[in-house]
Amino acid sequence: MSRFVVVEGLDGVGKSTLVKELAESFSGHAMSTPGPALRESRQSVLNAFSQDELAKALFYTASVSSEGRRARILAESGAWVFMDRYWASTVAYAKARGVTADLDALSKSLVQPDITVLLVLDESERQRRLNIRGATSEDMETLDAIFRKCVLDELHARANLVVDITGLAELDAASKLSSSIIEYLALNEI
């Protein structure tokens with residue numbers, strides 16, 4: 001049984017770390033959007049689109065399309081794939097930034113994951129983690145309560161499963177996430 005699993009959440013909750021842990025424990029693949037081919041040019045693209053939030057959202061949409069197709073090919077070949085951010089984040093952050101275009105119309109053309117998991121963490125703990133790692137300007141957006149609520153509401157609406165990792169060490173969080181995914185898939189026969 002192989003699956004394409006997306007892990008969503010606010011900046012600083014531990015998505016990247018846990019996606020790597022999951023890929024290792026399932027002998028699968030850790031991926032992210034944007035993918036490696038676009039990661040180095042990401043900041044240049046975002047700077048070029050600095051006054052156009054829709055253009056930024058479409059850049060992320062293109063990345064989701066490309067990485068989603070790669071993920072589905074890997075999953076269909078028998079591998080587990082764990083994606084750090086995908087479509088839910090693209091839409092959630094775009095809406096929080098004021099994009100009003102019907103991005104959901106594009107979702108019909110995108111590869112759908114088998115499960116979308118939303119990682120949540122106590123806000124004070126999340127902010128502490130952001131401070132330790134050095135918060136980027138994008139991280140700082142989520143410190144605004146209204147922006148954060150908009151993003152979280154959208155992520156909640158698009159998640160199949162919500163996993164709270166508040167107070168858990170990295171290995172315990174990975175274990176809880178892993179068992180929650182397996183349980184969800186078994187209960188829903190995906």
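A nonpolar core is a set of buried Ala, Val, Leu, Ile, Met, Phe, Trp, Tyr and Cys residues joined through side-chain atoms within 4.5 Å. The model used here is predicted.

**Exercise 1.** Find the residues that touch the most other members of the largest nonpolar core, and the element that gives the most to this core.

Solution. 
- Step 1. The largest nonpolar core has 33 residues.
- Step 2. Phe82, Val117, Leu119, Leu177 and Ile181 touch the most other members.
- Step 3. Elements giving two or more residues include β1, α1, β4 and α10. The top contributor is α10, with 6 residues.
- Step 4. Now take Phe82. Beyond its neighbours within four places in sequence, its contacts include Val5, Leu22, Phe26 and Ile181.

**Exercise 2.** Describe how helices α1 and α10 pack.

Solution. 
- Step 1. Helix α1 spans residues 15-25 and helix α10 residues 170-188.
- Step 2. Their angle is about 65 degrees, and the axes lie 10 Å apart. The crossing is right-handed.
- Step 3. From α1, the contact uses Thr17, Leu18, Glu21 and Leu22. Among the α10 residues are Leu177 and Ile181.
- Step 4. Sort the contact residues: 7 are nonpolar, 2 polar and 2 charged.

**Exercise 3.** Classify the aromatic pair of Phe26 and Trp80, and work out which parts the pair ties together.

Solution. 
- Step 1. Phe26 and Trp80 are both buried.
- Step 2. Phe26 sits in the loop between α1 and β2, and Trp80 in the loop between α4 and β3, so the pair ties together parts 54 residues apart in sequence.
- Step 3. Ring pairs link Phe26, Trp80 and Phe82 into a cluster.

Conventions
Residues numbered from 1 in each chain as written. Predicted model: local features only at pLDDT ≥ 70, side-chain atom pairs only at ≥ 80, totals over all residues. Heavy atoms only, no water. Axes fitted to C-alpha atoms, helices over the stretch in contact; angles between N-to-C directions. Helix = DSSP H or I, 4+ residues; strand = E, 2+ residues; numbered from the N terminus. Left-handed = near helix turned anticlockwise from the far one by under 90°. Contact = heavy atoms within 4.5 Å. Nonpolar A, V, L, I, M, F, W, Y, C, P; charged D, E, K, R; others polar. Buried < 20%, exposed > 50% of the residue type's maximum accessible area, 1.4 Å probe, protein only. Phe/Tyr/Trp six-rings, centres within 6.5 Å; stacked < 30°, edge-to-face > 60°.
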